[in-house]
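Me: I have a chain to look through and would like to talk it over. Could you take me through it piece by piece?

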Amino acid sequence: MRRRPRQLHRRLVKRRAWLAVFFVLLLAAVGVYQFLILGVYQQNRPAPKDDPSIASNDAGRPAGRAPAALEVAVPTSADGTLVPRTIVALYNSQNSPQIRDTIVHRVAEMPLNHLGLTVEYRDLAAGLPQIAGRNDVRGVLAWLEGEDVVDAAAYYAWADAVLQSGIRYVVMGDVIRGRDAAAQAGIRGAANRFYQRLGVRLTDDYVTPTYDVKIVDQDPEVAAFERGFSGPLPAFDRFEASDAAVQTHLTLRQADLAATDSDLVVTGPNGGLVAAGYGLAEDRGTELLRWRINPFAFFSLAFDTDAVPKPDVTTLSGRRIYYSHIDGDGWLSLSTVDRYRDQGVIAAEVIHRQAIEPYPDLPVTVAPIAADIDPRWLGTENARRVARELFLLPQVEAGSHTYSHPFDWEWFAEYRASAEIPFLRKYFPDAARNSLIGSLFGREQAGYDQVVARYDAGQTEGEIAAPLEHVYETPRAYGNFPYQLATEISGAADFIGALLPPGKRVEVVQWSGNTMPYEAAIEATRRAGMRNLNGGDSRFDPRFPSTTSVPPVGRPVGSERQIYASASNENTYTALWTDRFYGFQLLTQTLDNTETPIRLKPFNIYYHMYSGEKQPALNALLANLEYARASELAPVTTSTYAAIGDGFYSTRIVELGERRWRIEGRDGLQTIRFDDADNLAVDFSRSIGIVGQRHTQGSLYIALDSAIAAPIVALRERSGDAAESDDVHLIHGRWAVTRLQHNEAGFTFLTQGFGAGEMAWRARPNAPYTISAEAEGREVFRETGVADQNGILSFTIDAAGIDPLAVRVARQPSREG
């Protein structure tokens, strides 16, 4: 959940405003009141750090496949050449302290990820990076402002050496100059050498104003995208293309004088250039950015990615991936949905009944806030009952939304319990509001004092706390016990895990609050054998009409990696859950825009339990679920997608020869994509571990066999014959397919998924087949089918596929025979 103010969260989960206005009531009545409101933190129990069932170490967690920490250098395999995928992005932490706030992460990393490239951020404040000899680096991206570089001479010498080493270089920001006239004169030669090697000449001209400047040459494939170049043009340094191998994509001319021609968007064999102000435009009066250039086309040319295999996180078995996940916020909110109004039904139960149980074909990960179900915090038996019933459903995966729901994660990176004492009155406002009862009976204040004692008895409430993000009143939603990272990660998973049926475990941590965990928090999820996900807030709709609002796959946090969710949640569509509660129905606009004309993201429905609180919100959610049902998708669990995201970063591609590559270290990623590939096809005779292929939107999506650790992909030219291939392969399917084996009679494979097992295979044209499926040696499905004249054999396995099925497809004897 992202940027939700404290008072909003309290209103969602603490609707129990019990009044105690008649202090003449029996002491027992006051005791009941105290139990309902403050008993959660009055009980004389040890804090979570003293409870081994809560703050356990990782040894008590079930073993699970955990993503590896980030690696910088990747070795080259002895029998091939590593395909470099890393783009080194320069920034200066003195001007952009957080990587997430850099312009590269905000707008450029997503297009680079789409092209199969990963980004490694290097801080100029720590010096120029040493990348000589690194075979994993494909290029450098310098999107800088003038003040980002202190020593311009050293910068240009370094950049020139990078180019000489064969690494491509892209410049998109300011021209780096010295800080005074003398320094500028001293670096002119170094700057000229660098730009000449890049393929352009930097002149001494700076053009401003630009009222008499016009476009004389523009490449519509590269230099015209979301915004283009209408309206007043930015001032610019004048560049001239100086190498015949350079492609010019935008040329401006001043006062109709050819001698003033300026080449401001260029690509070439050594990289590319976009003059400052000509890559992006900001909508007037807003902070919305739009691309002037097409970043996909520009980066593809500048970093030469056309022929490069691209690890793809959007697709499985030839279909767009679907996953859904729920943050537990609002679990305890009383529903006002028409059917449940005034019945005391909590929102989590409404979601269970209306949005999960009726959709066994759509998997969903449910991540409670442990405090909402733990009786030592805020939990009730009813809350735990709903959790148990939810987790019994086979389509429900268990996740964790932490224990106490941190809002500002970085606030806890250097945590001191005493610093949180000033917020305790805000965590427990009733202790102050009901001071009359407290003074009469001495009980509420005693309970509050008990909470304070858990923190630091040596400090007072007047201590100045560390600053929070301005949208938050408290560092986290609940403060019953002092913060502990082990409690938030392993502790929450252990508590939730105790509610799960046999065979299930907590698989993923869904980040809370600002969804910006610090490095140790992500490391804790990995050590506990869980994936991690959330953040990103992807939007691409009329309110956010640009791919700049679509985030990358994830973000680096020290040596760890956070995987972003693929879509935003209903919180951003409802003004932080204050208005337009029907707003989540607009999610379909982003889903459509990130599918065509190119597939940028999976189909993700991400929401909170509080969508079960209001009728318009529930209606919007159900409309999105029905939209998913009507779409051609491959549904997976959230942890499966997180594993795919981890695999995007860990994948190594080794070139073995002409159009042949080995794919290594891919974790959960099972698709490789080639763009501009209408004339390409898999050469199955030279490939290993390939399940299938599908051409769509000009790209070739290749499905890898998860049973093969290092599959080999080989390509050939594609002929015009639709039934050209004698090799049986999957075209697309709703379920994952693995262990594909061919035999004289047909083929066999294992498959697993949600809903009906829809599949389309390339087989022998007009041939009849028998399709059968077994579960643990027992046949659960059988039917016959005939491939059409193009060799497409379509069938649907009408059997439960959540557990793997063994499928046999046998060709029947020819009728003529």
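Me: Let me start with glutamate 779: is it buried, partly exposed or exposed?

Reply: Glutamate 779 is partly exposed, at a relative accessible area of 39%, where buried means under 20% relative accessible area, exposed over 50% and partly exposed in between, with a 1.4 Å probe and protein chains only. Please keep in mind that this is a predicted model, in which local features need pLDDT of at least 70 and side-chain atom pairs count only at pLDDT 80 or more, while totals for chains, interfaces and linings use all residues. Residues are numbered from 1 along each chain as its sequence is written, and side-chain values use heavy atoms, with hydrogens and water left out.

Me: And what does arginine 782 form with glutamate 779?

Reply: Arginine 782 and glutamate 779 form a salt bridge in which the closest N and O atoms are 3.0 Å apart; the term stands for a side-chain nitrogen of Lys or Arg within 4 Å of a carboxyl oxygen of Asp or Glu. Arginine 782 itself counts as exposed because its relative accessibility is 51%.

Me: What about the pair of arginine 290 and aspartate 283, how far apart are the closest N and O atoms?

Reply: They are 3.0 Å apart in that salt bridge. Aspartate 283 counts as buried because its relative accessibility is 14%, whereas arginine 290, at 22%, counts as partly exposed.

Me: Aspartate 579 forms a salt bridge too, so with which residue?

Reply: Its partner is arginine 580, and there the closest N and O atoms are 3.9 Å apart. Aspartate 579 is partly exposed at 41%, and arginine 580 is partly exposed at 33%.

Me: Changing topic, which residues have the most contacts inside the largest nonpolar core?

Reply: They are Trp331, Ile351, Ile356, Val366, Ile605, Tyr607 and Leu625, in a core of 86 residues. A nonpolar core here is a set of buried Ala, Val, Leu, Ile, Met, Phe, Trp, Tyr and Cys residues joined through side-chain atoms within 4.5 Å. The largest share of this core, six residues, comes from helix H19, residues 615-629; helices (H or I, at least four residues) and strands (E, at least two) are DSSP runs numbered from the N terminus.

Me: Where is phenylalanine 412, and what is it in contact with?

Reply: Phenylalanine 412 sits in the loop between strand E18 (396-400) and helix H11 (424-427), and it is buried, with a relative accessible area of 1%. Apart from neighbours within four places in sequence, its contacts (heavy atoms within 4.5 Å) are Pro406, Glu420, Pro475, Arg476, Tyr483 and Tyr518.

Me: Now the helices: at roughly what angle do the axes of H4 and H7 cross?

Reply: The axes of helix H4 (residues 103-114) and helix H7 (residues 295-302) cross at roughly 65° and come within 9 Å; axes are lines fitted to C-alpha atoms, for helices over the stretch in contact, and angles run from 0 to 180 degrees between N-to-C directions. On the H4 side Ala108, Met110, Pro111, Leu112 and His114 meet Pro295, Phe296 and Phe299 of H7.

Me: Which peptide bonds are cis?

Reply: One of them runs from threonine 208 to proline 209, with omega near -5°, and proline 209 is in the loop between strand E6 (200-207) and strand E7 (213-218). Another joins threonine 596 and proline 597, with omega about 5°, and proline 597 lies in the loop between helix H18 (587-593) and strand E23 (603-608).

Me: Last one, what is phi of alanine 255?

Reply: Phi of alanine 255 is near 55°, a positive value in a residue other than glycine, and alanine 255 lies in the loop between strand E9 (247-254) and strand E10 (257-268). Arginine 739, in strand E33 (residues 736-743), has a positive phi of about 55° although it is not a glycine.
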